Amino acid sequence: MNDRDDTKKKISGAAEPKRRTSLKLSEIADLLKCEVIVEGRGLEAEVTDIVASDGMSEVLAGTKSGELMITGLTNIQSIRTADISDACAVIYCRGRRPVETVLQLARNQQMPVLTTHLNMFDICGILYNAGLRGVT
Amino acid sequence: MSTELLRESYEVHGRNFDKAGEVSGNIKALLKEVGISAQVVRRTVIVAFEAEMNVVMYASRATITLALTEDSIELTIEDDGPGIPDIEQAMQEGYSTASAEMREMGFGFGMGLPNINRHSDVFDITSKVGKGTKLRSTIRHNSDE
């Protein structure tokens, strides 16, 4: 291998984080230092895919259900969208929390709702480095 | 022609963002109750939800009709909105006429109609400016899905 190849290898940085099959929602809650606002159906779901967006149609574009939804949008449509998409839970970023009427809908739908003080970029980075990937 | 097993109609009222999505939630509950598979239910209610949100954003009212046959689910959404001048343009992902207020609510990113098309096995849209828009989505629910 010549010097250029060696340099290129060093510049390209660390190897791609290893893809994991899944993480438990409870493990993700710990990683992101979440507060659980609504336990819903519980935190035992195995999370394989993530969708992170403030655009509800982006959440609905995916073809798989059971994803973990990360959003900063705290209106009632965030919970409706999560339910329509069959998301396993909703995590709000930047410490955001919905009003009580929205939380009541989440309780009625058994939708786990969590919040973390982390911003969306950092959340995505942490979960990517933990081996999870976005919904395709 | 396949036998129709069930038919339900729902009214959607425009501009009421708090209630937007309730009809789709009711459709979800109904389809689960009659034993439709989770994957087909998800596709159907995404179509219903996106259509319902378009009605709430742009029209004053619409009727959503759900028809379940032995082979498929057909959703028809007919509204009294402003109509779509260029359907081909409206079907492009990212194209949107949504107001800033709608975008702040998480909608109007130009993915509604593309999502409806994506989740349908057959999708048809007709529209007349000044009269309204009619969407028809067919989703198969046989065992080969």
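I'll start with one pair: A:Thr71 stands opposite A:Tyr92 in β6(A). Strands here are DSSP E runs of at least two residues and helices are H or I runs of at least four, both numbered from the N terminus. This is a predicted model, where local features need pLDDT of at least 70, side-chain atom pairs count only at pLDDT 80 or more, and totals for chains, interfaces and linings use all residues. Residues are numbered from 1 along each chain as its sequence is written, chains are lettered from A and ligands numbered from 1 in the order written, and side-chain values use heavy atoms, leaving out hydrogens and water.

Back to the strands. β5 (residues 68–71) and β6 (residues 89–92) of chain A pair in the parallel sense over four bridges; pairing requires at least two DSSP bridges between two strands. They belong to an open sheet of six strands in chain A, with mixed pairing and the order β2-β7-β6-β5-β4-β8.

α4 (residues 76–85) of chain A lies across β5, β6 and β7 (113–115) of chain A, at about 145° to β6(A). Angles run from 0 to 180 degrees between N-to-C directions, with axes fitted to C-alpha atoms, for helices over the stretch in contact. Helix α5 (residues 100–108) of chain A also packs on the sheet, touching β2 and β7 of chain A, and its direction makes about 80° with that of β2(A). Contact means heavy atoms within 4.5 Å.

One salt bridge within chain A: A:Lys64 with A:Asp49, closest N and O atoms 3.0 Å apart. A:Lys64 is in the loop between α3 (56–60) and β5 of chain A, and A:Asp49 is in strand β4 (residues 49–52) of chain A, 15 residues apart. The criterion is a Lys or Arg side-chain nitrogen within 4 Å of an Asp or Glu carboxyl oxygen. Over all chains there are 13 salt bridges.

Now the interface. How many residues does each chain give to the contact? Chain B gives 26 and chain A 23. The area buried between them is about 1700 Å², with 53% from carbon and sulfur atoms; that is accessible area (1.4 Å probe) lost on being put together, summed over both parts. In chain B, the residues losing the most area to chain A are B:Lys28, B:Arg42 and B:Phe49, together 34% of what that side buries.

Three salt bridges cross this interface. One of them joins the side chains of B:Glu22 and A:Arg80 (3.7 Å, N to O).

Technical notes
Buried area = accessible area lost by both parts, 1.4 Å probe.
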